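Here is a short walk through one structure, helix by helix. Keep the 3D view open as you read.

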Amino acid sequence: MRLIKCAPCGLSVLVVVVLLMAVVSMTIGAIQIGWLDVVLALFGLSDNAQWNWVVQEIRLPRVILGILVGAGLAVAGAAMQGLFRNPLADPGLVGVSTGAALAAVSVIVLGSTYLAGWTAMTGYYAVPIAAFLGGLTITWLIYQIATKDGRTDVALMLLAGIAINAIAGAATGVLTYYSTDEALRSLTFWTMGSLASATWTDVLVSGIPILLAIGLLPYFALTLNAFLMGERVSEHIGFNVKLAKRAIIVLTALSVGAAVAVSGVIGFVGLVAPHLVRLLLGPDHRWVLPGSALMGAILVILSDSIARIIVAPAELPIGLVMAAIGGPFFLALLLQRRNRVGF
């Protein structure tokens with residue numbers, strides 16, 4: 001059952017909502033700017049030079065970064081749910097986001113001592129690359145733990161994710177204990193998530209890998225559809241299952257690592273967005289993947305706007321707002337599954 005019968009029409013509606021949310025989000029801030037003035041300022045046509053600068057240099061990169069992060073996390077969540085054949089799979093729940101954040105925190109705290117060689121070799125991109133490698137390692141580790149003889153045990157996968165989350169949390173705690181005051185402020189950003197320091201450089205650094213993942217993952221949509229019938233059936237149909245699984249794991253880690261590298265840990269986007277899209281457009285991954293990217297962008301822009309309004313003129317970490325939305329949604333999913341199996 002789906003609420004919108006015409007999937008392309010549904011995607012078009014989501015695109016319009018993303019654009020409207022982006023404009024509304026750019027009206028929010030210390031300086032109140034009307035939506036029409038925001039549109040004019042985007043093109044440098046406002047009579048107020050300060051508004052032109054605020055919109056183009058502060059609010060526009062923040063909104064674009066929110067769209068990229070939300071789209072990247074959501075499309076990764078949709079791909080993981082299809083790969084593991086489990087609707088509860090999410091980069092945050094199974095530890096991928098935490099692993100990426102731990103790698104980034106390690107570079108921040110140890111970048112001038114034990115990891116000085118890594119920092120010198122990779123320069124400005126030390127943290128994003130480390131986050132990607134951390135996400136890729138955790139994804140591969142979870143997959144190896146949960147898979148035997150070509151079959152993936154989803155319960156084991158979720159339990160392994162819980163264990164990895166605990167281990168990564170403990171390691172982050174140790175790094176926090178040894179961090180300086182300056183590093184401690186950065187750690188708070190990484191553990192709770194924020195778009196407050198968004199710049200055009202962040203958009204460039206994260207945009208390339210996230211757009212690459214968003215562009216390539218839909219090529220595996222039919223394979224993910226076939227996975228619903230089992231991996232062996234997919235192989236008999238003619239899909240190259242091993243190649244598809246490896247490509248999906250790498251692209252998922254690439255997207256999550258890049259998103260975490262510029263925004264910190266923002267949980268539940270990869271869980272909530274795909275479920276909302278399936279409710280609207282159905283379970284076909286040809287529509288779920290692009291729809292999840294758009295829905296994830298909407299959720300992150302909405303959460304970021306709420307984070308700036310609720311305690312204005314200060315800001316809440318966006319991860320807290322998203323957790324307040326995603327936590328009840330996750331519990332509702334668990335209750336729905338309990339009722340379905342008659343427990």
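Start with a pair of helices, α1 and α3, whose crossing is right-handed. This is a predicted model. Helix α1 covers residues 7-26, and its axis lies 10 Å from that of α3. The two helices pack at an angle of about 140°. That makes α1 oblique to α3, because only angles over 145 degrees count as roughly antiparallel.

Now look at who touches whom. From α1 come Val18, Ala22, Ser25 and Met26. From α3 come Val55, Arg59, Leu60, Val63 and Ile67. By type, the residues of this contact between α1 and α3 divide into seven nonpolar, one polar and one charged.

Stay with α3, which runs over residues 49-84. Two of its residues are worth a stop. The cut-off for exposed is over 50%, and the cut-off for buried is under 20%. Asparagine 52 has a relative accessible area of 12%, so this residue is buried.

What does asparagine 52 touch, leaving aside residues up to four places away in sequence? Its contacts are Leu40, Ala41, Gly44, Leu45 and Ser46. For glutamine 50, look towards isoleucine 31. The two residues are 19 residues apart in sequence. In space, their C-alpha atoms are 9.8 Å apart.

Helix α6 spans residues 126-146, and helix α12 spans residues 241-263. Their axes are 7 Å apart, and the packing angle is about 140°. That makes α6 oblique to α12. The crossing of α6 and α12 is right-handed.

On the α6 side are Val127, Pro128, Ala131, Phe132, Gly135, Leu136, Thr139, Trp140 and Tyr143. They meet Lys245, Ile249, Val250, Ala253, Leu254, Gly257 and Ala261 in α12. The residues of this contact divide into twelve nonpolar, three polar and one charged.

Finish at helix α14, residues 285-309. How far apart should the ends of its 25 residues be? At 1.5 Å a residue, the helix should span 36 Å. Its end C-alpha atoms are 35 Å apart, which agrees. Helix α14 is also mostly covered, with 19 of its 25 residues buried.

Technical notes:
Residues are numbered from 1 along each chain as its sequence is written. This is a predicted model: local features need pLDDT of at least 70, side-chain atom pairs count only at pLDDT 80 or more; totals for chains, interfaces and linings use all residues. Side-chain values use heavy atoms; hydrogens and water are left out. Helices (H or I, at least four residues) and strands (E, at least two) are DSSP runs, numbered from the N terminus. The expected span of a helix is 1.5 Å times one less than its number of residues. Buried means under 20% relative accessible area, exposed over 50%, partly exposed in between (1.4 Å probe, protein chains only). Contact means heavy atoms within 4.5 Å. Axes are lines fitted to C-alpha atoms, for helices over the stretch in contact, and angles run from 0 to 180 degrees between N-to-C directions. Angles under 35 degrees count as roughly parallel, over 145 as roughly antiparallel, 65 to 115 as roughly perpendicular and the rest as oblique. A crossing is left-handed if the near helix is turned anticlockwise from the far one by less than a right angle, and right-handed if clockwise. Ala, Val, Leu, Ile, Met, Phe, Trp, Tyr, Cys and Pro count as nonpolar, Asp, Glu, Lys and Arg as charged, and the others, Gly among them, as polar.
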